[in-house]
Structure formats: structure tokens, C-alpha cells
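Please examine the structure shown here together with its sequence.

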Amino acid sequence: MMRPMARGLPVESVVPVQADAAPARDLDPADWSAFRRLAHAALDEVITHIETIRDRPVWQQTPPVSRDRFTQPLPRQPRSFADVLDDVRSHVVPYATGNAHPLFMGWVHGAGTPVGMIAEMIAAGLNMNCGGRDHIGLVVEQQVVQWMAEAFDYSEGASGLFLTGSSMANILAVIIAKIEATGADTRRQGLLKSDRQLVAYTSAEAHGCIAQAMELSGIGSAHLRRVCVDASGSMDIARLRAAIAADRAAGLEPFLVVATAGTVNTGAIDRLALISEVAAQEGLWFHVDGAIGALAAFSPTLRPLLAGIERSHSVALDFHKWGHVPYDAGFLLVRDGASHKRAFANYEAYLQRADRGLAAGDTWPCDLGPDLSRGFRALKTWMTIETLGTDRIGDAVLSNCELARYLAEKVQSSPLLELKATVKLNIVCFGIRGARDGTINREIVMDLQEAGRAVPSWTTIAGQCVIRCAIVNHRTTRADIDHLVDCVTAMAKVRLQAPQSA
Ligand SMILES: *Cc1c(COP(=O)(O)O)cnc(C)c1O
């Protein structure tokens, strides 16, 4: 339908003009006081849920009736908010992952905090888009960037960015290192016509997202060397040097080394200071995957383990792991803000900067990564750190590491159990003493999970399946460790008595 305008262009739109005196068409509640009552009740319930988390099973499988609730057709008609909340109460809340519970030790998952939860609610209420423009969301994010620069002794000029997690932060770091090595023109040209073959180095124990970062960056995971680790699980420095030399001799171009501060399997920390020396001598970008371990920097006792991190070019870390900020809150810190921006800045017309007003500003977060629209992850991180302080967060991290040692000692003094890897940080790998293959360890893990009594996980070390406890939860106590060992022992006895089935 075409309607003439007073002057200029015609209006072409399929949307009819609204009649006068039409009923309200917004999406807000019709009755704000009724909404407020339900909302307050929901808030109270979720606070009680956290307060009484110990009284529930760590995890329970979602029953068919609850799964079925989420296979319904797209609803066209509205439903009362009270009814929808009832569904959440019955079909969602009881079947959560379990990581808020102190006996969840399966994976490196943060536990969250009540403060973080409220922050998330406030951020959702404000519903800010933190991709850019001149508003307080970017200012709060910059505060966290400044804090992290301080925590890792980065100098002025560092830049940082919230992302979903360290997987994304590691991808960005590989891309920044690639652009640094090849020049900004590769953003346009790609690498296909390049006669230079970039090669990166990480340890055999590095997280799988590093190989994926190489794939997504267009360099290819075949050009990632996975350097062997020594007995402590850290990258073997002599082998790193040898691998670089061999690649150079073959005409390839080493450009990046990714160290891990806290490996997923055992919590091992690479020797960051030595790796920084190799990187400096060889002219490589030195990135640290600190998803698990970087926030150990908040503990003065643990900080020396990270010595050398201050000489890195970039660090990936997760506030949603040891920072206990609610998911998701990954973060990338880059020493040279200019190289960070060179890899991602975009100059589309709709992103142009004004010298005043809401479109003012120099660097926006959308200049530092692929996300344009993005939420206010900085608020929950700022509120968590501001309320708790890094001393208290660091002490919770230290407590986890002490509990890991306590668990390791209990395992070593048990006639039934044995330790399967050195305990470096907060991860304990153990199993049934003398078990020829690891099948029984895996079965015990699944038994415990299904019983809802504790959630360890299993991993493979030296070809054997072992029980893995990653102690990350700030609520976990010695009594919980005692309970875990009692449960494992009881389950093991049952299995050892019963005839072994596959
Ligand atoms: C968890 C983890 C990652 C991935 O981080 P996400 O936040 O899950 O994306 C990367 N590296 C290590 C060592 C990790 O533990």
C-alpha cells in the first residue's frame, strides 16, 4: 500500500495505520501490583533455594513429565504469569545442573553467589546493550578491565572485554596474535594466498578450545603443536624449544604459545615465567589460558604459582568459575589495547562515533570482538567483587585447594583408594586401589550422580578411567569431603562384592 507523504519519499509498508483509541498493546503487566506480589514471592523462593541448597539432592535426572513440558507447540495465546512460574517451580528448579551444591565436584563450575543473582536481575531490568555508545555500562566494564590489569600487573593501555567464556576469549586471543603476526590486511585477504605458515604451541593437557580457536581463526588445528607435559602436568620447556626449532628449520613460522594456568585434568599450571622467556626470545605472542587458575591471583598464598603471568600478552579467564559470578562471565585481557582493536574494529556507518550525545566515545566493546549486541556482564562481576572483595574470594579459592589436599590425604590413607595424579591446585584424581582397568571408577561416579549424593566426574589419565573431583564450590567444607569419601567407599564396596558387569 502506498500513501503520499507531504514531501520526499513515499511510505511503503504492509503495516496498517493504528486506529485511535485502540486498547493498550504494550507487553507490560496489566496489573503492576499483582505482578509485584508474584515477583517478590519468586525472588524469595530463589533466595530460599540457595539458602537451603544442602537439603536437596546434588542432581536428579529430569523426569519424562518435565521433559515433555518443553516439547509443546509455539504458544499463540498468553498465559498467566503465576501459572508460568508454577511450571518453572515444578519442571525447572529441581533439575538444575547442581553446581550451586557443595557436593558438586564434577567439573570446574562456579557456585554463584546471592549477590551475583541480584546483580543479574538488576542488569536484566535495565536491559542495557553494552556493545557500545556512551553509557554507564561501558564505564563499569572499564572498571573491571582496570581491576584485572592491576591484578596481573599489566601496564597502562591494556584492554579487556567480557565474553561468554574462556572458549571465546581464547579464540579472540588467537585471532589477535594472528593479526599481530601477519598484519591487519589479513582481515580482508585471509590466509589462503599467504606463503607463510603460522604455527602455535600449547601443552598436551591444554583445553580443547585452543585447537578449536586455531580452526576458527583459519590457521587450522594441524598447525597447533601439542607439546608433551612433564610428570607434574606442565608443558616441557625443552620440548617446546625443540618444537619451535624444528618448525623454523622446516620453514614454518612460529607465532604464538598458549600456556595453561590450571589444566582441566589435573589443575597443573605451566611454568609461565620460563614460557615468557621462550616467547620473548622467539618473538611469539604469549597467551595464558587462565580459565581455571587465573583468579588464584586473588590469594596471596597462591599468587606465586602464577609468576610470569604479568609478562603475557593476553589472559583468558572466567569469572563464572572461581569468581562465582553467575553464568556467563568470561573475560579477555590484552596488554596492548591497540593490537586488540586492530584485530576487530569495524567502521560501519551505523557504528560511527559522534563528538557528543549517546553515540560518543572512542573505543567501544564492539571494536574489540565479534559481538555487537551484548548484555551487562560487567555489573554482576563488579557487584560480586565490590561486595565480597578479592581477599574473601581469594580465601575461598585457597580453601578449595586446601580441601583438595585434605581429600588427597584421605585417599592416600584409605586402604581402598589410591591417588592417580599429583594434586596441584583444586583437582583430585583418584580411583579404586589396584583396579586393573578404570571401569569401576566410572561406574562409581555414575552411581553417586544418580543417587544425588555427590557429583564427581571421571576422566582418563594414562589410559585409565579415574574419578575426578574439581573442588570449586565456596560452600564445600571438610565434612563434605568426608561425606564424599564415605559415599565412594560404600559404593565401591557394593561393586566389589557384586559380580562385575560391564
Ligand atoms: C573451562 C575452561 C575453558 C573454557 O572456558 P568456558 O568458560 O567454558 O568457555 C578453557 N580452558 C580451560 C582450562 C577451562 O577449564
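The model is predicted. Its largest nonpolar core contains 73 residues, and the members that touch the most others are M148, F152, Y201, V257, L317, F319 and F331. Beyond its neighbours within four places in sequence, F331 is in contact with V144, V145 and M148, with the run G160, L161, F162 and L163, with A169, and with V315, A316, L317 and F319. Another core lies apart from the largest one; 33 residues form this second group, including M105, A408, V455 and C487. In soluble globular proteins, nonpolar side chains tend to be buried together.

Strand β8, residues 314-318, is the next point of interest. What is the burial state of the residues of β8? Here 5 of the 5 residues are buried, so β8 is largely enclosed by the rest of the structure. In a regular strand the side chains alternate between the two faces of the sheet. In β8, S314, A316 and D318 point one way, whereas V315 and L317 point the other way, and all of them are buried.

Strand β8 has two pairing partners to consider. With strand β7, residues 285-290, β8 pairs in the parallel sense over 4 bridges, and L317 of β8 is the bridge partner of G290. With strand β9, residues 330-334, β8 pairs in the antiparallel sense over 5 bridges. There L317 stands opposite F331 of β9. L317 and F331 are also both among the core members that touch the most others, and the two are in contact.

Strand β10, residues 417-419, runs antiparallel to β11 and is joined to it by 3 bridges; E418 stands opposite G431 in β11. Strand β13, residues 464-470, also runs antiparallel to β11, with 4 bridges between them, and I467 of β13 is the bridge partner of F430.

The largest pocket has a volume of about 1,100 Å³. Of its 38 lining residues, V46, H49, I50, A96 and M117 are the closest to the centre. Helical elements α1 (32-51), α3 (81-92) and α4 (114-126) each give two or more residues to this lining, and α1 gives the largest share, 6 residues. By class, the lining of the largest pocket has 22 nonpolar, 11 polar and 5 charged residues.

The second largest pocket holds about 270 Å³ of space. It is lined by 22 residues, of which H207, V264, A291, D318 and K321 are the closest to its centre. The lining of this second pocket has 8 nonpolar, 9 polar and 5 charged residues.

A cis peptide bond joins Y327 and D328, with omega about -10 degrees, and D328 is found in the loop between β8 and β9. N127, a residue other than glycine, has a positive phi near 50 degrees. N127 lies in the loop between α4 and α5 (136-151). Is N127 buried or exposed? Its relative accessible area is 62%, which is over the 50% cut-off, so N127 is exposed. D153 is not a glycine either, yet its phi is positive, about 55 degrees; D153 is placed in the loop between α5 and β3 (159-163).

Technical notes: Residues numbered from 1 in each chain as written. Predicted model: local features only at pLDDT ≥ 70, side-chain atom pairs only at ≥ 80, totals over all residues. Heavy atoms only, no water. Core = buried A, V, L, I, M, F, W, Y, C linked by side-chain atoms within 4.5 Å. Buried < 20%, exposed > 50% of the residue type's maximum accessible area, 1.4 Å probe, protein only. Contact = heavy atoms within 4.5 Å. Pairing = 2+ DSSP bridges. 1 Å grid on protein atoms, 1.4 Å probe; cavity = no way out; pocket = protein on both sides within 12 Å on 5 of 7 lines; lining within 4 Å. Points joined across faces, edges and corners; volume = space filled by probe spheres on them. Nonpolar A, V, L, I, M, F, W, Y, C, P; charged D, E, K, R; others polar.
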